[in-house]
There are 4 protein chains.
Amino acid sequence: MADLDGARWLVLDLDRPPPGGDPLLADARAIAAAEPRVLDAGWACYLAAPLRAAGGRRAGDAPLDLDQWRRRPGVRRAWIQDDDTILAGLPWRDGKAGFEAGGWRTGRDDLLLIAGPCAVESREQLDEVAAGVAAAGARWLRGGAWKARTSPYDFQGLGARALELLRDAADRHGLAVVTEAIGSDELRAVAELADVVQLGSRNAQNFPLLRKLGAVGKPVLLKRGFGCTLRELEYAAEYVLAHGNPRVLVCERGIRSFESATRFTFDINAVPLLKQRVHLPVIADPAHGTGQAALVEAVARAAIAAGADGLMLEVHPDPARALSDGRQAVPLRDFARVVESLRPVAAAVGRRL
Amino acid sequence: MADLDGARWLVLDLDRPPPGGDPLLADARAIAAAEPRVLDAGWACYLAAPLRAAGGRRAGDAPLDLDQWRRRPGVRRAWIQDDDTILAGLPWRDGKAGFEAGGWRTGRDDLLLIAGPCAVESREQLDEVAAGVAAAGARWLRGGAWKARTSPYDFQGLGARALELLRDAADRHGLAVVTEAIGSDELRAVAELADVVQLGSRNAQNFPLLRKLGAVGKPVLLKRGFGCTLRELEYAAEYVLAHGNPRVLVCERGIRSFESATRFTFDINAVPLLKQRVHLPVIADPAHGTGQAALVEAVARAAIAAGADGLMLEVHPDPARALSDGRQAVPLRDFARVVESLRPVAAAVGRRL
Amino acid sequence: MADLDGARWLVLDLDRPPPGGDPLLADARAIAAAEPRVLDAGWACYLAAPLRAAGGRRAGDAPLDLDQWRRRPGVRRAWIQDDDTILAGLPWRDGKAGFEAGGWRTGRDDLLLIAGPCAVESREQLDEVAAGVAAAGARWLRGGAWKARTSPYDFQGLGARALELLRDAADRHGLAVVTEAIGSDELRAVAELADVVQLGSRNAQNFPLLRKLGAVGKPVLLKRGFGCTLRELEYAAEYVLAHGNPRVLVCERGIRSFESATRFTFDINAVPLLKQRVHLPVIADPAHGTGQAALVEAVARAAIAAGADGLMLEVHPDPARALSDGRQAVPLRDFARVVESLRPVAAAVGRRL
Amino acid sequence: MADLDGARWLVLDLDRPPPGGDPLLADARAIAAAEPRVLDAGWACYLAAPLRAAGGRRAGDAPLDLDQWRRRPGVRRAWIQDDDTILAGLPWRDGKAGFEAGGWRTGRDDLLLIAGPCAVESREQLDEVAAGVAAAGARWLRGGAWKARTSPYDFQGLGARALELLRDAADRHGLAVVTEAIGSDELRAVAELADVVQLGSRNAQNFPLLRKLGAVGKPVLLKRGFGCTLRELEYAAEYVLAHGNPRVLVCERGIRSFESATRFTFDINAVPLLKQRVHLPVIADPAHGTGQAALVEAVARAAIAAGADGLMLEVHPDPARALSDGRQAVPLRDFARVVESLRPVAAAVGRRL
């Protein structure tokens with residue numbers, strides 16, 4: 001399939017399977033019926049069968065009779081699209097019901113609160129944090145098992161043992177676990193023990209890993225690369241969707257800019273823009289997005305006000321002694337107060353926290 | 001005065017003048033008394049007399065007896081400071097009462113709402129907008145008289161005539177006028193007819209103009225340069241303060257980043273950071289900060305939630321026909337609804353709009 | 001004149017005046033003859049009379065008979081152009097001969113070497129530098145009289161006295177003077193005493209000043225704003241050209257990026273890109289573009305190799321004691337060696353230094 | 001090992017092994033002898049045994065007797081270092097002889113020329129390119145087997161078959177092969193068939209992959225992440241070195257900035273800065289660094305002039321039909337001419353191409 005600059009997509013949303021079939025899949029017969037016709041019409045064919053899509057792309061401005069496509073058997077809807085967010089884009093949603101991830105259901109008023117330490121450091125640390133954040137309203141427990149660290153001589157995480165600690169702490173406190181798979185090797189273990197698999201900012205365009213996340217069988221939280229455009233985030237989500245996993249959340253976590261007073265620049269514009277372009281839940285990470293605990297609460301409020309569907313916060317019992325990123329962690333003793341301060345803002349925009 | 005890398009400031013807040021004197025000025029005798037002692041102590045002297053400051057700067061780590069300075073006659077407070085935000089920084093505030101600008105008083109719960117067209121285009125356009133934004137709760141009317149345009153062939157503004165139209169429309173609708181002085185020549189006219197003088201993003205480091213704003217006798221709204229750090233914005237404010245004008249507001253309006261989906265990246269981190277570093281009101285401009293009308297409302301909510309003291313919005317009766325920046329203007333017919341949507345967020349953070 | 005998104009220009013290059021007229025101006029009768037026809041044809045008219053241009057802009061894709069325009073009396077050439085670099089763009093050049101500035105002639109193999117201190121500090125400092133750089137091959141002496149400094153408490157330059165020192169030192173050592181006019185007030189004095197007027201990076205979009213540079217009667221060196229795109233630099237040049245001054249040089253001096261190891265990021269791509277888009281000499285400033293003396297020589301070589309027409313370097317007898325920007329100044333004792341190292345690179349690309 | 005802000009390193013360069021041992025390894029007895037002493041002295045121990053390093057890191061300013069360490073048996077050199085570039089930094093080099101990679105020897109005057117298509121598309125395409133670039137002086141053949149593409153619907157590369165085509169074409173034309181391993185799965189195949197393994201810009205902080213590159217047994221070419229600082233590139237190299245692979249080359253390929261006229265901003269400053277901070281060969285990639293074929297030659301010249309040790313260029317027989325990144329590919333028919341234009345610049349800086 002060649003790069004077709006300026007090419008357009010014909011997107012076909014095909015019939016769902018008969019009762020008893022997987023409602024997330026298109027009907028196999030509809031796919032089989034559509035494909036040759038797409039090819040005959042001169043479109044380089046693409047079939048995202050597991051997700052009920054069939055489509056194609058071609059260059060040029062040749063006239064096109066969409067109604068004719070819509071009348072084809074097995075075709076529910078048909079449209080033309082310029083960019084490659086076939087499955088991630090708003091047009092695809094079509095009233096679909098959202099999905100469940102780690103006990104949280106997308107598409108409703110409830111905001112998702114994710115909290116936990118940057119890195120899992122010990123059973124005691126994690127248990128203390130899990131208890132505290134659960135009490136304050138968090139749904140998911142975060143915590144790095146393998147850490148992506150700039151220097152090889154920085155703390156690299158406790159690895160597999162951290163996964164067990166996360167699972168254990170979450171279970172005891174009624175939380176779900178989200179943690180990062182920093183590579184293909186770690187993905188298996190993460191997918192087994194975590195409820196949601198996180199892809200980190202430095203892997204935001206690790207395409208082999210994105211493909212594997214398409215087959216991982218767990219919801220996926222994609223962080224924006226700090227050097228990546230929103231389009232690149234959308235296309236990373238499209239990778240996961242196109243490889244078979246419909247449960248994708250995207251996360252704005254700050255980008256690199258020339259401003260040096262903060263570690264990153266939280267791109268607040270990204271929140272409404274993503275909501276206007278993709279049908280995926282948008283999570284905000286003001287810890288990484290600011291790099292300073294003193295700014296986290298204000299930016300968390302801002303993200304909710306801008307329409308974010310959830311927040312990911314870093315919490316530590318003693319930030320000054322954290323093994324990584326202590327500067328951006330909210331002290332555990334302040335966490336409940338921070339969450340309380342967010343609730344009226346959530347209510348002001350019709351959400352619940 | 002040489003550049004002293006790593007130098008520190010001795011800041012002296014001197015006695016206020018006796019009754020009858022200008023309460024914004026330090027007592028002349030206190031200044032006269034402090035100066036030789038500062039020099040004697042080896043400090044390169046600096047006296048910001050009109051604003052009650054006397055201080056100095058020197059390199060090195062020589063021990064310093066601050067208590068001794070505090071006991072000096074005429075000295076109310078004394079401290080050491082690393083950066084150059086002597087008059088803009090939080091330490092300087094000391095419970096001072098804020099100021100009044102265009103009928104709005106800083107330091108209270110009321111949010112400042114500024115609205116109007118990007119450019120003044122005609123009496124009819126301006127009057128229609130002024131009536132609409134006043135009804136919706138705006139306090140200040142904005143509108144460009146001379147426009148800073150990238151190309152010499154773009155509409156450059158109506159100039160002096162626009163100032164009169166602004167004054168007239170504002171007076172009829174009970175609004176104050178804020179408008180940009182794009183150069184020294186235009187400053188005189190703006191200062192005469194406007195209630196607040198705006199310095200534009202492209203003049204954010206126009207130091208001769210900043211100095212003149214120190215003597216302009218009207219409050220000044222400083223927009224951040226889209227290529228400037230927050231420190232540079234703070235120092236631009238310090239220029240105005242140090243040249244004698246205590247009434248300065250600063251405005252975040254988006255910075256340049258690699259993200260191309262939006263015209264600028266609104267730096268939401270800037271809002272709490274500025275509030276933690278300077279005692280000046282912080283205004284947010286989500287129109288320039290996004291460049292897209294469809295994002296303005298969400299980012300306006302975010303700015304309020306993050307602690308902004310006011311908003312500047314662009315409003316146009318017919319954005320598609322605007323002579324400049326139509327894409328980021330809220331249609332006038334939607335403006336009241338947008339403001340309504342902001343009120344609950346303001347209330348959620350203890351502010352009124 | 002409205003903003004016409006996607007509008008195009010009809011550019012007419014008109015007849016030159018009869019013998020005895022100013023060869024830089026179009027013939028007045030040709031202008032008078034063209035204008036009504038441009039208007040009649042539905043173009044919003046624009047006349048850059050002093051520079052022999054007449055043109056217009058209109059939206060839409062209406063068909064256009066260029067040959068018909070070319071046959072009109074008084075019209076030498078006619079073409080369609082999308083962007084606003086009418087006078088700065090390559091199509092306008094048409095074999096025109098370049099110009100002379102400070103004793104250097106553009107469009108030839110000779111590279112222009114500009115050197116001097118960041119700020120003029122004293123007669124002795126300046127004379128020592130002028131002697132040294134002249135001996136090493138510099139043509140223009142640079143040096144700040146009024147300095148644009150981030151903090152109001154940094155050294156602001158010696159002002160008018162520095163201008164006299166510059167003139168004097170340059171005259172004694174056979175150099176031309178280039179120095180920055182940081183505002184309209186300073187422009188008069190600079191234009192009187194300097195050979196070339198520099199516009200600084202922080203004034204790169206100071207449009208009133210750009211307009212005045214159109215009438216200044218001296219060549220102008222425009223520095224790129226560190227937050228400005230190349231298009232904005234080109235349009236800044238267009239401002240000066242359209243306001244009557246054909247002698248403009250543009251200078252790449254580094255942009256802001258997320259990289260913090262250097263003060264700015266020298267945009268080497270800008271050098272060939274500008275050469276391919278505008279017919280103006282392109283000067284490189286590796287001192288500001290790196291912020292580190294240790295990188296200046298390598299980046300100076302790079303700029304020459306990439307096609308720059310000249311270099312601006314900062315030189316100081318004792319950088320550690322410089323009153324501004326000492327870190328990026330080449331020590332005077334090393335300057336001749338640095339220039340020697342540049343000569344073979346210049347020769348390798350067919351230039352002379 | 002905790003994060004030690006402001007911590008310093010004690011670096012020990014240990015004795016080489018007795019004759020017959022691997023000259024790249026430290027003597028095992030020297031390592032065994034040093035370790036307890038380092039621990040006893042309160043340093044968190046770090047031993048980079050395969051590369052002759054032993055060291056440690058600790059916070060604070062405790063006085064330190066370096067001479068005492070130097071007198072210890074088995075210790076050749078000892079020093080203190082602030083950053084984590086222990087093995088990558090200049091101090092480590094100590095006259096070491098460089099290394100051989102794909103038939104090219106580092107540390108000499110010869111420049112390394114790498115050329116080939118962005119993606120391997122067919123046997124014919126590759127053979128034509130390989131023949132052409134070999135004739136023009138290239139040493140390594142580049143070409144993507146698996147491509148990292150932003151959209152899942154873009155051409156993703158021919159995969160394993162492309163590796164065989166690369167090996168075959170390179171062998172027939174006397175070239176070495178460098179190609180990217182986009183993930184751990186692909187690494188095995190790449191390491192088997194290629195002479196040099198490339199890590200792509202989007203994997204610049206894929207730490208699991210960096211660790212594996214430490215054990216890959218082939219030289220590694222690390223591209224800078226387009227959102228990564230130079231320090232991050234240096235630490236990526238340190239990962240590979242610390243995990244046992246001493247043969248690392250680093251590549252500047254452009255960063256993201258606000259400038260939109262070019263796809264990326266080639267950071268020319270990076271070239272001399274890297275040469276001053278690490279002892280690794282620095283390669284320049286002006287194809288990605290500009291994104292425009294028309295700029296490649298000028299920026300390639302610039303990179304050589306700035307001190308780059310090699311160039312990576314994209315070449316295609318018919319760029320308009322390339323399956324990826326055709327815009328930045330030099331047409332094959334122009335390649336020999338481009339190389340010829342680089343030779344005088346190389347000679348001007350004492351290099352050979």
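Me: How far apart are the centres of domain 1 of chain A and domain 2 of chain A?
Reply: 35 Å, taken over C-alpha atoms. Domain 1 covers 8-82 and domain 2 covers 100-348; such bounds come from an automatic or database domain assignment. This is a predicted model: local features need pLDDT of at least 70, side-chain atom pairs count only at pLDDT 80 or more, and totals for chains, interfaces and linings use all residues. Residues are numbered from 1 along each chain as its sequence is written, with chains lettered from A and ligands numbered from 1 in the order in which they are written.

Me: Why are α11(A) and α11(B) called roughly antiparallel?
Reply: Their packing angle is about 155°. Angles over 145 degrees count as roughly antiparallel, on a scale from 0 to 180 degrees between N-to-C directions. The two helices are therefore roughly antiparallel to each other. Their axes lie 7 Å apart.

Me: What residue classes make up the contact of α11(A) with α11(B)?
Reply: Residues are in contact if their C-beta atoms, placed from the backbone, lie within 7 Å. Among those in the contact are Ala298(A), Arg301(A), Ala298(B) and Arg301(B). Ala, Val, Leu, Ile, Met, Phe, Trp, Tyr, Cys and Pro count as nonpolar, Asp, Glu, Lys and Arg as charged, and the others, Gly among them, as polar. The count is 12 nonpolar, no polar and 2 charged residues.

Me: How many residues of chain A are in contact with chain B?
Reply: 35 residues of chain A meet 35 of chain B. The largest share of chain A's side, 9 residues, comes from α11(A). By class, that side has 22 nonpolar, 9 polar and 4 charged residues.

How values were computed
Helix = DSSP H or I, 4+ residues; strand = E, 2+ residues; numbered from the N terminus. Parallel < 35°, antiparallel > 145°, perpendicular 65-115°, else oblique. Contact = placed C-beta atoms within 7 Å.
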